[in-house]
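Here is a walk through one protein model, written for someone seeing it for the first time. Keep the picture open as you read.

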Amino acid sequence: MGERDAPVFILCGGLGTRFKEQTEFRPKPMVPLGRFPIIWHIMNSYSYFGFNRFVLCMGYRSEVIREYFLRFYEMNSDITVHLASNSVVVHSVDHRCPWEVTLAYTGETAMTGARVARAAARYLGESEHFAVTYGDGLTDADLAAEFAFHNRHGNIGTVLGVNPPSRFGEFQMEGDRLVAFLEKPEIRSAWINGGYFFFRREFLSYLSPAEDCVLEQVPLSSLARDGGLEVFRHDGYWACMDTQRDHDELTRIWENGSAPWARPALPNTEIERSRRS
């Protein structure tokens, strides 16, 4: 098994409580950006860099994710439905996705660490490495370069570090005099969790399938304290879809053709059709 066969565990089970406008009837990873749900955009980024094995750690409204992927060909191709015979003809398959997608139910209320632990126990197999990410973050980071960095340093874990843009304008002052006004500047002095991880399988010993195991608390804190976590710094694009405002901005960027995270997995005509939808 090659290194690029490392499975990507995507956290898809949360309630999305800060985003009820979109998540009351579907999980956040299924909120659309253009014609595709955000989870498709995330998977497409990984696939561009050669990662095509995905384990979706489902919980809340898992049936929505299940139906989408079980009907993936029908949802992304031209089809003819013969009502008399109840048969379907798929005329074209334009999505070009060489993906292996495992739909893993990990509990309705399990926390992030528990979801990864439960899914990995069933589907990590013999893989030496695995990736973990959330179902709501987009980036133009070179994930192949992050994985190469992960292999070079030899530590247990790697996390993508990003500089988030401030939601507020910033004053630059000399005494009481305003000399510059920066609208939503990037916070160059602060690095935060960008949500794209690579781990060696040894990280499983830091996780627990217990319902209250939060990935970002005891597991990652303990790994960092033990000196087992490295940061791959990325000063390019990164965004997280937490609110309706975030969704509106990401949709605007995608539809006007300037999405930094866009990867050429689809024919140009299909991408354009998605942006117009």
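## Getting your bearings

Helices (H or I, at least four residues) and strands (E, at least two) are DSSP runs, numbered from the N terminus. Counted that way, the protein has 9 helices and 15 strands. What you're looking at is a predicted model, where local features need pLDDT of at least 70 and side-chain atom pairs count only at pLDDT 80 or more, while totals for chains, interfaces and linings use all residues. Residues are numbered from 1 along each chain as its sequence is written, and side-chain values use heavy atoms, with hydrogens and water left out.

Of the 277 residues, 49% count as buried. Buried here is under 20% relative accessible area, exposed is over 50%, and partly exposed is in between (1.4 Å probe, protein chains only). As for contacts (heavy atoms within 4.5 Å), take those with a separation of 6 or more: residues 24 or more positions apart account for 73% of them.

## The seven-stranded sheet

Strands of a sheet pair through backbone hydrogen bonds, either parallel or antiparallel. For two strands to pair here, DSSP has to find at least two bridges between them. In this model, 7 strands make an open sheet with mixed pairing, in the order β7-β4-β1-β8-β13-β10-β14. Its edge strands are β7 (100–105) and β14 (229–234), each of which pairs on one side only. From one strand to the next, the twist averages 25 degrees. Angles like this run from 0 to 180 degrees between N-to-C directions, and the axes are lines fitted to C-alpha atoms, for helices over the stretch in contact.

Helix α6 (residues 143–153) packs on the sheet and touches β8, β10 (157–162), β13 and β14. The direction of α6 makes about 55 degrees with that of β13.

How many of the residues of β10 are buried? The count is 6 of 6, so to speak a mostly covered strand. G157, V159 and G161 point one way from β10, while T158, L160 and V162 point the other way.

On one pairing, β10 meets β13 in the antiparallel sense over 5 bridges, and V159 has F197 as its bridge partner there.

## Aromatic rings

Rings of Phe, Tyr and Trp (its six-membered ring) pair if their centres lie within 6.5 Å; planes under 30 degrees apart count as stacked, over 60 as edge-to-face and the rest as tilted. That rule gives 22 aromatic pairs. One of them is F197 with F199: the ring centres are 5.5 Å apart and the planes are at 15 degrees, so the pair is stacked. F197 is buried, with a relative accessible area of 1%, and F199 is buried at 0%.

Ring pairs also link up a cluster made of Y46, F51, F54, Y68, F69, F72, W99, F147, Y196 and F198.

L33 sits in strand β2 (residues 32–33) and counts as buried at 0% relative accessibility. The C-alpha atoms of L33 and T251 are separated by 5.3 Å, though the two residues are 218 apart along the chain. Beyond its neighbours within four places in sequence, L33 is in contact with several residues, including I38, H41, L138, T251 and W261.

S45 belongs to helix α2 (residues 38–48) and is buried as well, at 4% relative accessibility. Setting aside its neighbours within four places in sequence, S45 touches T139, L143, W261 and R263.

## A serine that is partly exposed

S221 is found in helix α7 (residues 218–225). Its relative accessibility is 40%, so S221 counts as partly exposed. The side chain of S221 reaches the backbone oxygen of Q217 at 2.8 Å.

## Cysteines

How many disulfides does the structure hold? The count is 0, where a disulfide is a pair of cysteine sulfur atoms within 2.5 Å. C97 is buried at 16% relative accessibility, and C213 is buried with a relative accessible area of 9%.

Notes: Polar contact = N/O pair within 3.5 Å; in protein donor to acceptor, adjacent residues only side chain to side chain.
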